[in-house]
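Hi,

Here is the structure I promised to pass on.

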Amino acid sequence: YDMEGLIITNGTVFTSKQIEELVKMGWDNVVFSLDDPNSKIHDYIRGKHGVLEKIIKTVREFNQKKAEFESSKPRLNFLGLLTSFNYNKMEHMVKLAQEMKIESVKILPMIIPTKDKGELDLLKVKEAQIPSFVSSVMNAQEIAKESNVRFSLGQSIQDLIRYIKSNYKRNSAKKSNNEINVEIKKRIFENDRKLPCIFPFTEMI
């Protein structure tokens, strides 16, 4: 059918049977939400203790089953949200991916809801943090070149810096639902078919 299967998950609810079934059927992609390589910070952002530990356990079990059944699928990926907690840890995300046999790491900016009243200010990357972020990205790119891990941002680093400096204000006026759907589909099918987990929980207008 010329289609690919994609699961985006926090990695905490897979059973061994489900993992084996996905490997056996040759499911295409599993994307794990990973917001920080440090368990304390990742779990804090996710609001629950032990989340990162469960992700690592699940990824290892996927790799074990892939080896057992001599399968290259599903391809395993990390998808993270850029925050004031991980802005200087891009290379550590790539290193963790390399250790866990993850194929790609993509980091995307937060899309702030129009009704946000400052609740997300703690997570916003600050202008003073930009130089460290850029340096971390460059280090991550170098490590990625030397490994089999693909590293990317959701947009050009120049656009991302402008977005941060604007205090996360988008330039465009309010978009119609149809325009929103087109944008989401474009991100899925033209951008490695990955969708940031923040999108379903925020307003795109």
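Below is what turned up, starting with the sheet and moving on to the aromatic rings.

One thing to keep in mind: this is a predicted model.

The sheet first. Five strands make up an open sheet in the order E1-E2-E3-E4-E5, and the pairing is parallel. At the edges sit E1 (6–9) and E5 (150–153), each of which pairs on one side only. From one strand to the next, the twist averages 20°.

Next, look for helix H3 (residues 51–68). It lies across E2 and E3 (75–81), and it runs at about 160° to E2.

Now the rings. There are four aromatic pairs. One of them joins tyrosine 44 and phenylalanine 85 edge-to-face, with 5.7 Å centre to centre and 65° between the planes. That pair links distant parts of the chain, 41 residues apart: tyrosine 44 belongs to helix H2 (residues 39–46), while phenylalanine 85 is in the loop between E3 and helix H4 (90–99).

Phenylalanine 85, at 22%, counts as partly exposed.

There is also an aromatic cluster, formed by Phe14, Phe32 and Phe62.

Cheers

Terms used: Residues numbered from 1 in each chain as written. Predicted model: local features only at pLDDT ≥ 70, side-chain atom pairs only at ≥ 80, totals over all residues. Heavy atoms only, no water. Pairing = 2+ DSSP bridges. Helix = DSSP H or I, 4+ residues; strand = E, 2+ residues; numbered from the N terminus. Axes fitted to C-alpha atoms, helices over the stretch in contact; angles between N-to-C directions. Contact = heavy atoms within 4.5 Å. Phe/Tyr/Trp six-rings, centres within 6.5 Å; stacked < 30°, edge-to-face > 60°. Buried < 20%, exposed > 50% of the residue type's maximum accessible area, 1.4 Å probe, protein only.
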